[in-house]
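Thanks for coming, everyone. I would like to take a few minutes to walk through one structure, so please have a look at the sequence and the model before I start on the details.

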Amino acid sequence: ITEISKELPKNIILTIIQDEWVNATHATTMLMTNLFQSIVIVFLVLAFSLWVKNALNTSISIPLTLFSIFSIAYIIWDNINKITLFALILVLWMLVDDSTVVVENIERHFAIREKTWKTKLDAIKDAIQEVQVWVILSTVTRLFAFWAMFAVTWMMWEYMWPIPKFAIVALLFSILVAFSINPWVSYMTTKNIDSNEPHHVKKESKFDVRKVYLKFMNLFIRD
């Protein structure tokens with residue numbers, strides 16, 4: 001604007017009324033802040049109950065899902081605007097749900113391998129088969145909630161359509177990560193059990209968050 005003003009007559013003054021770059025930068029900063037906060041919160045909560053390895057495995061689902069969405073948007077030349085970023089912020093807390101269920105059940109099956117002597121692959125298969133139907137159904141219910149927004153018409157449609165589109169794509173990618181990347185990470189970071197080696201029973205930790213939860217719930221549940 002400064003260069004253009006030099007070429008214009010002195011009685012013409014250019015004034016910036018609205019700068020979308022500032023708004024876009026603010027929205028992007030807000031997304032990155034929420035992304036960082038969500039990863040830290042998810043990691044701390046899961047590290048408290050599932051320990052560090054599983055917490056890291058679950059936390060990677062958030063950046064992987066967002067990276068996939070931005071990659072597809074770049075490939076198909078789709079716009080990333082404030083409405084799009086709002087949609088991603090809206091579903092940010094949902095992206096880790098599927099991975100949490102899958103990783104927790106895989107860890108449970110890994111723990112009982114000391115009795116079943118299953119291989120890592122068999123334990124992962126059984127763990128996913130136990131929860132896959134319920135994970136898919138829970139994701140479908142959220143998809144229908146956003147799908148209803150496609151019913152918006154007229155002028156609001158121009159503003160609202162990126163929200164259900166990007167939210168649905170994000171949820172689909174989150175379930176893809178939960179059924180592919182997370183089991184692979186669990187497989188690669190866990191040792192197999194060798195039946196020929198002497199077996200040592202692990203000592204149970206004195207503090208178990210599940211035992212604390214059960215004691216707390218027993219205060220409200222009566223036979």
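This is a predicted model: local features need pLDDT of at least 70, side-chain atom pairs count only at pLDDT 80 or more; totals for chains, interfaces and linings use all residues.

Let me begin with a question: are H7 and H9 roughly parallel or roughly antiparallel to each other? The axes of helix H7 (residues 120-147) and helix H9 (residues 162-179) come within 9 Å and cross at roughly 175°, and H7 and H9 are therefore roughly antiparallel to each other. As for the terms, angles under 35 degrees count as roughly parallel, over 145 as roughly antiparallel, 65 to 115 as roughly perpendicular, and the rest as oblique. The axes themselves are lines fitted to C-alpha atoms, for helices over the stretch in contact, with angles that run from 0 to 180 degrees between N-to-C directions.

Residues are numbered from 1 along each chain as its sequence is written, and side-chain values use heavy atoms, with hydrogens and water left out.

Now the chain as a whole. The protein chain has 11 helices and 0 strands, where helices (H or I, at least four residues) and strands (E, at least two) are DSSP runs numbered from the N terminus. The radius of gyration of the protein chain is 24 Å, whereas a compact globule of 223 residues would have one near 17 Å; this radius is taken over C-alpha atoms, and the globule rule is 2.2 Å times the number of residues to the power 0.38. Along its principal axes, the C-alpha trace spans about 90 × 40 × 40 Å. Of the 223 residues, 30% count as buried, and here buried means under 20% relative accessible area, exposed means over 50%, and partly exposed is in between, with a 1.4 Å probe and protein chains only. If we take contacts between residues at least 6 apart in sequence, 73% of them join residues at least 24 apart, with contact meaning heavy atoms within 4.5 Å.

On the H7 side, the contact with H9 includes Ile 128, Gln 132, Val 135 and Trp 147, while the H9 side includes Pro 164, Leu 171 and Phe 179. The residues of this contact divide into 13 nonpolar, 2 polar and 1 charged, where Ala, Val, Leu, Ile, Met, Phe, Trp, Tyr, Cys and Pro count as nonpolar, Asp, Glu, Lys and Arg as charged, and the others, Gly among them, as polar.

Helix H2 (residues 20-59) packs against helix H5 (residues 97-111) at an angle of about 105°, with the axes 10 Å apart, which makes H2 roughly perpendicular to H5. Among the residues that make this contact are Leu 46, Leu 50 and Thr 58 of H2, together with Ser 99, Thr 100 and Val 103 of H5, and the residues of the contact divide into 3 nonpolar, 5 polar and 3 charged.

H2 also packs against helix H4 (residues 82-91), at an angle of about 10° and with the axes 10 Å apart, which makes H2 roughly parallel to H4. Residues of H2 including Ala 27, Met 30 and Leu 31 meet residues of H4 including Leu 85, Leu 88 and Ile 89, and this contact divides into 6 nonpolar, 3 polar and 2 charged residues.

Finally, some individual residues. Thr 58, in helix H2, is buried, with a relative accessible area of 0%, and, not counting residues up to four places away in sequence, Thr 58 touches Val 42, Leu 46, Val 96, Ser 99, Thr 100, Val 103 and Asn 182. Phe 43, which also lies in helix H2, counts as partly exposed at 24% relative accessibility. Phe 43 and Leu 56 are 13 residues apart in sequence and 6.4 Å apart in space, C-alpha to C-alpha.

What about Asp 98, buried or exposed? Asp 98 is found in helix H5 and, at 2% relative accessibility, counts as buried. Leaving aside neighbours within four places in sequence, Asp 98 is in contact with residues including Val 135, Arg 142 and Ile 175. I will stop there and take questions.
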